[in-house]
Amino acid sequence: MNKEEVRIVYMGTPDFAVESLRALVEGGYQVVGVVTMPDKPMGRHGSVLQASPVKQYAQRQGLPVLQPEKLKEEAFLAQLRALQADLQVVVAFRMLPEAVWNMPPLGTFNLHASLLPRYRGAAPINWAIMHGEKETGVTTFFLTHEIDTGHIIRQRRLPIADTDDAGAVHDRLMTLGAALVVETVDLLLTHNGRVDVIPQETCYSVGDALRPAPKIFKETCRIDWQQPARAIYDFIRGLSPHPAAWTEWRTADGAAPQPMKIFRSEIRPETHTLPPGTIRSDSATYLDVAVKDGFVRLLSVQLAGKKRLDIRDFLNGVKQSVKGEWRSMN
(Lines give C-alpha, C1' and ligand atoms only; values in the text may rest on other atoms or scores of the structure.)
Protein backbone atom coordinates (compact mmCIF):
# COMPACT_ATOMS: atom_id res chain seq x y z
CA MET A 1 0.00 0.00 0.00
CA ASN A 2 1.25 3.50 -0.88
CA LYS A 3 1.65 5.97 1.99
CA GLU A 4 0.28 8.83 -0.13
CA GLU A 5 -2.94 6.88 -0.71
CA VAL A 6 -3.64 5.49 2.75
CA ARG A 7 -5.89 7.80 4.76
CA ILE A 8 -4.81 8.36 8.39
CA VAL A 9 -6.76 9.96 11.21
CA TYR A 10 -4.55 11.13 14.07
CA MET A 11 -5.71 11.48 17.69
CA GLY A 12 -3.79 13.29 20.42
CA THR A 13 -3.68 16.35 22.64
CA PRO A 14 -0.45 17.43 24.46
CA ASP A 15 3.02 18.45 23.29
CA PHE A 16 4.14 14.82 23.43
CA ALA A 17 1.68 14.02 20.63
CA VAL A 18 2.75 16.86 18.32
CA GLU A 19 6.07 15.29 17.36
CA SER A 20 4.47 12.11 16.00
CA LEU A 21 1.89 14.10 14.04
CA ARG A 22 4.67 16.27 12.62
CA ALA A 23 6.62 13.17 11.58
CA LEU A 24 3.63 11.84 9.66
CA VAL A 25 2.79 15.16 7.99
CA GLU A 26 6.39 15.96 7.04
CA GLY A 27 6.94 12.35 5.99
CA GLY A 28 4.33 12.70 3.26
CA TYR A 29 1.63 10.52 4.83
CA GLN A 30 -1.98 11.45 4.08
CA VAL A 31 -3.38 12.70 7.38
CA VAL A 32 -7.02 13.41 6.57
CA GLY A 33 -8.13 14.55 10.02
CA VAL A 34 -7.07 15.21 13.58
CA VAL A 35 -9.09 14.48 16.71
CA THR A 36 -8.17 16.31 19.91
CA MET A 37 -9.66 17.54 23.18
CA PRO A 38 -12.02 20.54 23.26
CA ASP A 39 -10.37 23.89 23.91
CA LYS A 40 -9.58 24.37 27.60
CA PRO A 41 -10.89 27.41 29.53
CA MET A 42 -8.01 29.52 30.79
CA GLY A 43 -7.57 32.76 32.70
CA ARG A 44 -9.01 33.97 35.97
CA HIS A 45 -12.64 33.51 34.95
CA GLY A 46 -12.17 30.83 32.31
CA SER A 47 -13.16 33.29 29.63
CA VAL A 48 -10.19 32.52 27.34
CA LEU A 49 -10.12 29.21 25.47
CA GLN A 50 -6.75 27.56 24.92
CA ALA A 51 -6.38 25.15 21.99
CA SER A 52 -4.38 21.98 22.57
CA PRO A 53 -0.83 21.80 21.17
CA VAL A 54 -2.01 19.19 18.65
CA LYS A 55 -4.84 21.44 17.45
CA GLN A 56 -2.48 24.38 17.09
CA TYR A 57 -0.11 22.35 14.93
CA ALA A 58 -2.94 20.81 12.89
CA GLN A 59 -4.43 24.21 12.14
CA ARG A 60 -1.07 25.54 10.97
CA GLN A 61 -0.96 22.61 8.55
CA GLY A 62 -4.52 23.18 7.34
CA LEU A 63 -5.73 19.81 8.66
CA PRO A 64 -9.40 19.24 9.56
CA VAL A 65 -9.82 19.14 13.36
CA LEU A 66 -12.56 17.37 15.34
CA GLN A 67 -13.05 18.15 19.05
CA PRO A 68 -15.78 15.93 20.44
CA GLU A 69 -17.03 16.30 23.99
CA LYS A 70 -18.19 12.68 23.98
CA LEU A 71 -16.63 10.02 21.79
CA LYS A 72 -19.81 7.96 21.55
CA GLU A 73 -21.98 10.76 20.16
CA GLU A 74 -23.45 9.82 16.80
CA ALA A 75 -22.65 13.25 15.35
CA PHE A 76 -18.94 12.71 16.05
CA LEU A 77 -18.99 9.12 14.81
CA ALA A 78 -20.61 10.29 11.57
CA GLN A 79 -17.90 12.94 11.12
CA LEU A 80 -15.22 10.33 11.78
CA ARG A 81 -16.72 7.86 9.29
CA ALA A 82 -16.89 10.62 6.68
CA LEU A 83 -13.09 10.94 6.82
CA GLN A 84 -12.89 7.35 5.50
CA ALA A 85 -9.72 6.56 7.41
CA ASP A 86 -7.81 3.37 6.59
CA LEU A 87 -5.80 3.65 9.81
CA GLN A 88 -6.03 5.57 13.09
CA VAL A 89 -3.01 6.60 15.15
CA VAL A 90 -3.44 7.56 18.81
CA VAL A 91 -0.82 9.34 20.94
CA ALA A 92 -1.65 10.69 24.42
CA PHE A 93 -5.40 11.04 23.94
CA ARG A 94 -8.33 9.39 25.72
CA MET A 95 -9.69 5.91 26.14
CA LEU A 96 -11.60 5.17 22.94
CA PRO A 97 -14.88 3.26 22.65
CA GLU A 98 -14.95 0.24 20.35
CA ALA A 99 -17.10 2.17 17.88
CA VAL A 100 -14.07 4.40 17.30
CA TRP A 101 -11.05 2.08 17.47
CA ASN A 102 -12.73 -0.65 15.46
CA MET A 103 -13.72 1.68 12.61
CA PRO A 104 -10.80 1.70 10.13
CA PRO A 105 -9.93 -1.46 8.14
CA LEU A 106 -6.25 -1.39 9.14
CA GLY A 107 -7.13 -0.86 12.79
CA THR A 108 -6.12 1.68 15.43
CA PHE A 109 -2.79 1.67 17.21
CA ASN A 110 -1.57 3.65 20.19
CA LEU A 111 1.88 4.91 21.16
CA HIS A 112 2.56 4.51 24.89
CA ALA A 113 5.55 5.97 26.73
CA SER A 114 6.67 2.82 28.52
CA LEU A 115 7.78 -0.73 27.83
CA LEU A 116 4.37 -2.33 28.17
CA PRO A 117 3.06 -4.18 30.05
CA ARG A 118 4.97 -2.19 32.69
CA TYR A 119 3.59 1.23 33.61
CA ARG A 120 0.13 1.11 32.12
CA GLY A 121 -1.73 4.32 32.84
CA ALA A 122 -1.71 8.09 32.49
CA ALA A 123 1.77 8.96 33.82
CA PRO A 124 4.28 6.28 32.75
CA ILE A 125 7.30 8.58 32.47
CA ASN A 126 6.88 10.01 35.97
CA TRP A 127 6.32 6.68 37.67
CA ALA A 128 9.23 4.94 35.93
CA ILE A 129 11.67 7.55 37.24
CA MET A 130 10.01 7.72 40.66
CA HIS A 131 10.62 3.97 40.95
CA GLY A 132 14.28 4.38 40.03
CA GLU A 133 14.12 2.53 36.71
CA LYS A 134 17.30 2.47 34.65
CA GLU A 135 15.45 1.93 31.37
CA THR A 136 12.16 2.82 29.76
CA GLY A 137 10.94 3.08 26.18
CA VAL A 138 7.98 3.39 23.86
CA THR A 139 5.48 0.82 22.66
CA THR A 140 3.01 0.71 19.80
CA PHE A 141 0.06 -1.61 20.27
CA PHE A 142 -3.40 -2.24 18.83
CA LEU A 143 -6.24 -0.82 20.87
CA THR A 144 -8.72 -3.11 22.55
CA HIS A 145 -11.36 -2.86 25.29
CA GLU A 146 -9.05 -2.56 28.32
CA ILE A 147 -6.74 0.44 28.50
CA ASP A 148 -3.09 -0.18 27.52
CA THR A 149 -3.56 -3.96 27.21
CA GLY A 150 -3.65 -4.57 23.43
CA HIS A 151 -1.20 -6.71 21.48
CA ILE A 152 2.25 -5.15 21.10
CA ILE A 153 3.39 -4.24 17.59
CA ARG A 154 6.85 -2.79 18.23
CA GLN A 155 8.97 -1.42 21.10
CA ARG A 156 12.06 0.75 21.36
CA ARG A 157 14.16 1.09 24.51
CA LEU A 158 15.72 4.17 26.14
CA PRO A 159 18.19 4.27 29.05
CA ILE A 160 17.43 6.55 31.99
CA ALA A 161 20.50 8.30 33.38
CA ASP A 162 20.80 8.76 37.12
CA THR A 163 20.52 12.54 36.68
CA ASP A 164 17.56 12.52 34.26
CA ASP A 165 14.32 14.11 35.35
CA ALA A 166 10.88 13.54 33.85
CA GLY A 167 11.24 16.50 31.50
CA ALA A 168 14.44 15.17 29.93
CA VAL A 169 13.05 11.66 29.50
CA HIS A 170 9.78 13.05 28.12
CA ASP A 171 11.62 14.92 25.37
CA ARG A 172 13.75 11.94 24.34
CA LEU A 173 10.77 9.58 24.36
CA MET A 174 8.78 12.08 22.31
CA THR A 175 11.39 11.92 19.54
CA LEU A 176 11.88 8.16 19.83
CA GLY A 177 8.11 7.67 19.83
CA ALA A 178 7.63 9.70 16.66
CA ALA A 179 10.14 7.52 14.86
CA LEU A 180 8.37 4.39 16.14
CA VAL A 181 4.98 5.71 14.96
CA VAL A 182 6.33 6.13 11.42
CA GLU A 183 7.99 2.71 11.57
CA THR A 184 4.72 1.13 12.73
CA VAL A 185 2.67 2.85 10.02
CA ASP A 186 5.14 1.64 7.38
CA LEU A 187 4.97 -1.89 8.76
CA LEU A 188 1.17 -1.93 8.64
CA LEU A 189 1.08 -0.52 5.12
CA THR A 190 3.65 -3.00 3.88
CA HIS A 191 1.70 -5.95 5.27
CA ASN A 192 -1.82 -4.58 4.75
CA GLY A 193 -2.38 -4.47 8.51
CA ARG A 194 -1.47 -8.11 9.06
CA VAL A 195 1.63 -8.09 11.24
CA ASP A 196 3.04 -10.33 13.91
CA VAL A 197 2.10 -9.04 17.35
CA ILE A 198 3.00 -9.99 20.91
CA PRO A 199 0.24 -10.52 23.50
CA GLN A 200 1.15 -8.57 26.61
CA GLU A 201 0.38 -11.47 28.91
CA THR A 202 3.34 -13.35 27.39
CA CYS A 203 5.74 -10.55 28.36
CA TYR A 204 5.79 -11.26 32.08
CA SER A 205 5.72 -14.08 34.59
CA VAL A 206 3.50 -14.49 37.61
CA GLY A 207 4.93 -12.35 40.38
CA ASP A 208 6.50 -9.73 38.11
CA ALA A 209 6.04 -6.15 39.31
CA LEU A 210 4.14 -4.56 36.43
CA ARG A 211 3.81 -1.29 38.36
CA PRO A 212 0.81 0.79 37.28
CA ALA A 213 1.19 4.44 36.28
CA PRO A 214 -2.00 6.13 37.48
CA LYS A 215 -2.85 9.79 37.12
CA ILE A 216 -0.89 12.01 39.50
CA PHE A 217 -2.66 14.36 41.90
CA LYS A 218 -1.33 17.08 44.20
CA GLU A 219 -1.22 14.87 47.28
CA THR A 220 0.66 12.21 45.28
CA CYS A 221 3.49 14.75 44.94
CA ARG A 222 4.01 15.44 48.65
CA ILE A 223 7.43 14.32 49.85
CA ASP A 224 7.59 11.81 52.70
CA TRP A 225 10.82 12.62 54.53
CA GLN A 226 10.63 9.26 56.33
CA GLN A 227 11.75 7.59 53.09
CA PRO A 228 15.42 6.85 52.32
CA ALA A 229 17.46 9.49 50.49
CA ARG A 230 17.53 7.55 47.22
CA ALA A 231 13.75 7.13 47.14
CA ILE A 232 13.24 10.86 47.76
CA TYR A 233 15.83 11.81 45.13
CA ASP A 234 14.05 9.64 42.52
CA PHE A 235 10.68 10.97 43.64
CA ILE A 236 11.80 14.59 43.10
CA ARG A 237 13.31 14.03 39.64
CA GLY A 238 10.38 11.85 38.60
CA LEU A 239 8.02 14.78 39.16
CA SER A 240 10.27 17.53 37.78
CA PRO A 241 9.55 19.93 36.21
CA HIS A 242 5.83 19.13 36.29
CA PRO A 243 3.81 18.73 38.44
CA ALA A 244 6.77 18.93 40.88
CA ALA A 245 7.34 17.33 44.26
CA TRP A 246 6.49 19.55 47.21
CA THR A 247 6.83 19.94 50.94
CA GLU A 248 6.09 22.67 53.48
CA TRP A 249 8.53 25.44 54.29
CA ARG A 250 8.31 26.60 57.91
CA THR A 251 9.93 29.87 58.92
CA ALA A 252 11.46 30.73 62.29
CA ASP A 253 8.87 33.41 63.11
CA GLY A 254 6.05 30.90 63.53
CA ALA A 255 4.17 31.99 60.40
CA ALA A 256 1.92 29.52 58.63
CA PRO A 257 3.90 26.98 56.54
CA GLN A 258 4.14 27.63 52.80
CA PRO A 259 4.07 24.99 50.07
CA MET A 260 7.49 24.64 48.46
CA LYS A 261 8.11 22.84 45.17
CA ILE A 262 11.44 21.07 44.79
CA PHE A 263 12.83 20.51 41.29
CA ARG A 264 16.40 19.31 41.81
CA SER A 265 18.27 17.70 44.66
CA GLU A 266 21.25 15.49 45.43
CA ILE A 267 21.99 12.77 47.94
CA ARG A 268 24.42 13.46 50.79
CA PRO A 269 25.23 10.18 52.60
CA GLU A 270 26.06 10.85 56.23
CA THR A 271 25.51 9.29 59.63
CA HIS A 272 23.55 11.52 62.02
CA THR A 273 20.93 11.44 64.78
CA LEU A 274 18.58 14.16 63.51
CA PRO A 275 14.88 13.40 63.08
CA PRO A 276 13.82 13.01 59.41
CA GLY A 277 12.64 16.33 58.01
CA THR A 278 15.04 18.46 60.06
CA ILE A 279 16.83 21.10 58.01
CA ARG A 280 20.37 22.38 58.26
CA SER A 281 21.82 25.30 56.33
CA ASP A 282 24.65 27.82 56.34
CA SER A 283 22.09 30.44 55.22
CA ALA A 284 24.08 31.09 52.06
CA THR A 285 25.11 28.11 49.95
CA TYR A 286 23.26 24.95 50.95
CA LEU A 287 20.05 23.65 52.50
CA ASP A 288 19.91 20.01 53.56
CA VAL A 289 16.97 17.98 54.81
CA ALA A 290 17.72 15.08 57.15
CA VAL A 291 16.50 11.60 56.24
CA LYS A 292 17.22 8.35 58.01
CA ASP A 293 20.28 7.48 55.90
CA GLY A 294 21.79 10.93 55.33
CA PHE A 295 20.60 14.21 53.87
CA VAL A 296 18.82 15.36 50.73
CA ARG A 297 20.40 18.61 49.54
CA LEU A 298 17.90 20.91 47.81
CA LEU A 299 19.24 22.61 44.67
CA SER A 300 16.24 24.26 43.00
CA VAL A 301 13.02 25.29 44.75
CA GLN A 302 9.96 27.48 44.40
CA LEU A 303 7.70 28.90 47.09
CA ALA A 304 4.00 29.29 46.29
CA GLY A 305 3.42 32.45 44.28
CA LYS A 306 7.15 32.99 43.67
CA LYS A 307 9.51 32.13 40.84
CA ARG A 308 11.76 29.10 40.72
CA LEU A 309 15.20 29.77 42.24
CA ASP A 310 18.47 27.96 42.72
CA ILE A 311 19.19 27.39 46.37
CA ARG A 312 21.71 30.23 46.76
CA ASP A 313 19.23 32.81 45.50
CA PHE A 314 16.49 31.28 47.61
CA LEU A 315 18.59 31.44 50.77
CA ASN A 316 19.61 34.99 50.03
CA GLY A 317 15.93 35.94 49.95
CA VAL A 318 14.97 34.15 53.17
CA LYS A 319 18.22 34.57 55.11
CA GLN A 320 16.62 35.93 58.26
CA SER A 321 14.27 32.97 58.58
CA VAL A 322 17.00 30.35 58.18
CA LYS A 323 20.03 31.67 59.99
CA GLY A 324 21.04 29.57 62.96
CA GLU A 325 17.80 27.54 62.99
CA TRP A 326 17.04 23.82 62.85
CA ARG A 327 13.41 23.04 62.07
CA SER A 328 11.30 20.25 60.67
CA MET A 329 10.02 20.30 57.08
CA ASN A 330 7.07 18.08 58.10
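Modeller: In this predicted model, the axes of α1 and helix α6 (residues 166-190) come within 8 Å and cross at roughly 35 degrees. The crossing of α1 past α6 is right-handed.

Colleague: Which residues of α1 and α6 make the contact?

Modeller: On the α1 side they are D15, F16, E19, S20, A23 and L24. Helix α6 contributes H170, L173, M174, T175, G177, A178, V181, V182 and V185.

Colleague: And by class, what does the contact of α1 with α6 have?

Modeller: There are 9 nonpolar, 4 polar and 2 charged residues.

Colleague: Turning to the sheet, what is the order of its strands?

Modeller: It is an open sheet of 7 strands, ordered β5-β2-β1-β6-β7-β8-β9, and the pairing is mixed.

Colleague: Why is one side of β5 and of β9 left without a neighbour in the sheet?

Modeller: Because β5 (65-66) and β9 (152-159) stand at the edges, each with a single partner strand.

Colleague: Where does α1 pack on the sheet?

Modeller: Helix α1 (residues 15-26) touches β1 (7-12), β2 (30-35), β6 (87-91) and β7. Its direction makes about 165 degrees with that of β1.

Colleague: How do β7 and β8 run, parallel or antiparallel?

Modeller: Strands β7 (residues 108-112) and β8 (residues 135-142) run antiparallel and are joined by 4 bridges. L111 stands opposite T140 in β8.

Colleague: Now the second largest pocket: which residues lie nearest its centre?

Modeller: L115, L116, P117, R118 and R157 do, out of 19 lining residues. The volume of this second largest pocket is about 270 Å³.

Colleague: Which element gives the largest share of that lining?

Modeller: Strand β9 does, with 3 residues. By class, the lining has 11 nonpolar, 3 polar and 5 charged residues.

How values were computed. Residues are numbered from 1 along each chain as its sequence is written. This is a predicted model: local features need pLDDT of at least 70, side-chain atom pairs count only at pLDDT 80 or more; totals for chains, interfaces and linings use all residues. Side-chain values use heavy atoms; hydrogens and water are left out. Two strands pair if DSSP finds at least two bridges between them. Helices (H or I, at least four residues) and strands (E, at least two) are DSSP runs, numbered from the N terminus. Contact means heavy atoms within 4.5 Å. Axes are lines fitted to C-alpha atoms, for helices over the stretch in contact, and angles run from 0 to 180 degrees between N-to-C directions. A crossing is left-handed if the near helix is turned anticlockwise from the far one by less than a right angle, and right-handed if clockwise. Ala, Val, Leu, Ile, Met, Phe, Trp, Tyr, Cys and Pro count as nonpolar, Asp, Glu, Lys and Arg as charged, and the others, Gly among them, as polar. On a 1 Å grid over the protein atoms alone, a cavity is a set of points where a 1.4 Å probe fits but cannot get out, and a pocket is an open set with protein on both sides within 12 Å along at least five of seven lines; lining residues have an atom within 4 Å of a point. Grid points are joined across faces, edges and corners, and a volume is the space filled by probe spheres set on the points.
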